[in-house]
Amino acid sequence: QNELNWFGIQTAEGKITANEYFGIHNHTFFDIYTAIIYICWIPVPFTFAMYLFFSKRRKVLVKFLFAFLSVSLFGLLFQYIYPAAPPWYVELYGTEGAFQEVSGNPGRLINFDKYFGVNVFSGMYNLNANVYAAVPSLHCAFPIIQLFFAIKYKFKKWGIFFTILMISTWFSAVYTNHHYIIDVLCGITTALIAIATYSLLIKTKYNDFLNKYGNTIS
């Protein structure tokens with residue numbers, strides 16, 4: 001209800017959520033683009049980590065992995081404290097009988113599988129063990145961590161790429177019917193909390209430990 005009140009889109013039939021709006025106003029280009037963006041949370045941080053490793057910036061690599069782990073742990077903690085269903089769940093099952101046992105669902109990502117005759121997203125989300133993990137959106141948090149490190153260590157080209165990826169991920173999370181705008185904002189907040197925590201710890205003796213570990217793998 002808060003999503004509708006705060007971010008609802010006015011139509012001739014009344015107010016609807018952005019997710020419902022994109023369910024009516026969608027396009028093949030965005031179906032494909034958002035699917036590609038949405039799966040980037042796996043290969044992109046891995047590729048960036050490999051870049052840091054092979055470019056001999058291994059102290060930065062260790063700190064990046066620590067920050068990435070931190071935002072993941074914060075996100076998982078919040079998800080278990082406040083379990084919340086994604087928009088596709090509400091669309092299929094409504095708001096009654098919450099927390100029933102259901103399988104994962106690819107949401108609007110299924111369109112990508114249909115276009116190309118593959119089983120990428122349907123296979124991935126059918127294995128999802130917890131569908132009540134929409135808040136916060138870690139998909140939307142991860143690119144912020146990557147952008148933070150690109151800016152902090154002056155990786156200009158990576159920074160441009162991460163900026164595009166970050167904004168595209170926020171859009172994709174809503175377009176694909178996996179998150180409400182509130183979930184996205186909570187993901188952003190989680191990333192900022194993780195960055196703040198990292199920035200505080202890096203001023204303590206923990207920084208020496210990370211640097212020592214970075215030297216070990218150099």
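User: What should I know about the numbering and the values before we start?

Analyst: Welcome! Residues are numbered from 1 along each chain as its sequence is written. This is a predicted model, in which local features need pLDDT of at least 70, side-chain atom pairs count only at pLDDT 80 or more, and totals for chains, interfaces and linings use all residues, while side-chain values use heavy atoms, with hydrogens and water left out.

User: Why is Thr34 called buried?

Analyst: Buried means under 20% relative accessible area, exposed means over 50%, and partly exposed lies in between, with a 1.4 Å probe and protein chains only. Thr34 has 1% relative accessibility, so Thr34 counts as buried. Thr34 sits in helix H3; helices here are DSSP runs (H or I, at least four residues), numbered from the N terminus.

User: What does Thr34 touch?

Analyst: Contact means heavy atoms within 4.5 Å. Not counting residues up to four places away in sequence, Thr34 touches Phe171, Ser172, Tyr175 and Thr176. Ser172 and Tyr175 are among the buried residues of H10, and the buried residues of H10 pack against H3, among other helices.

User: Is Ser72 buried or exposed, and how do you know?

Analyst: Ser72 has a relative accessible area of 16%, so Ser72 is buried. Ser72 belongs to helix H5 and, leaving aside neighbours within four places in sequence, is in contact with Leu138 and Phe142.

User: Which residues of H11 are buried, and where do they lie around the axis?

Analyst: The buried ones are Asp183, Val184, Gly187, Ile188, Thr190, Ala191, Ala194, Ile195 and Tyr198. They cover an arc of only 155 degrees around the axis, so they are on the same side of H11; the arc is that of the directions from the helix axis to the C-beta atoms. An α-helix has 3.6 residues a turn, so residues three or four places apart point the same way. The cover over the buried residues of H11 includes helix H5 (58-81), helix H9 (138-152) and helix H10 (156-175).

User: How are Lys56 and Asn177 described, buried or exposed?

Analyst: Lys56 has a relative accessible area of 63%, so Lys56 is exposed. Asn177 has 3%, so Asn177 is buried. Phi of Lys56 is near 65 degrees, a positive value in a residue other than glycine, and phi of Asn177 is near 70 degrees, also positive in a residue other than glycine. Lys56 is in the loop between H4 and H5, and Asn177 is in the loop between H10 and H11.

User: Why is Ile42 called partly exposed?

Analyst: Ile42 has a relative accessible area of 43%, which means that Ile42 is partly exposed. Ile42 is in the loop between helix H3 (28-38) and helix H4 (43-54).

User: Which bond joins Val135 and Pro136?

Analyst: A cis peptide bond joins them, with omega about -5 degrees. Pro136 is in the loop between H8 and H9.

Key
Helices (H or I, at least four residues) and strands (E, at least two) are DSSP runs, numbered from the N terminus.
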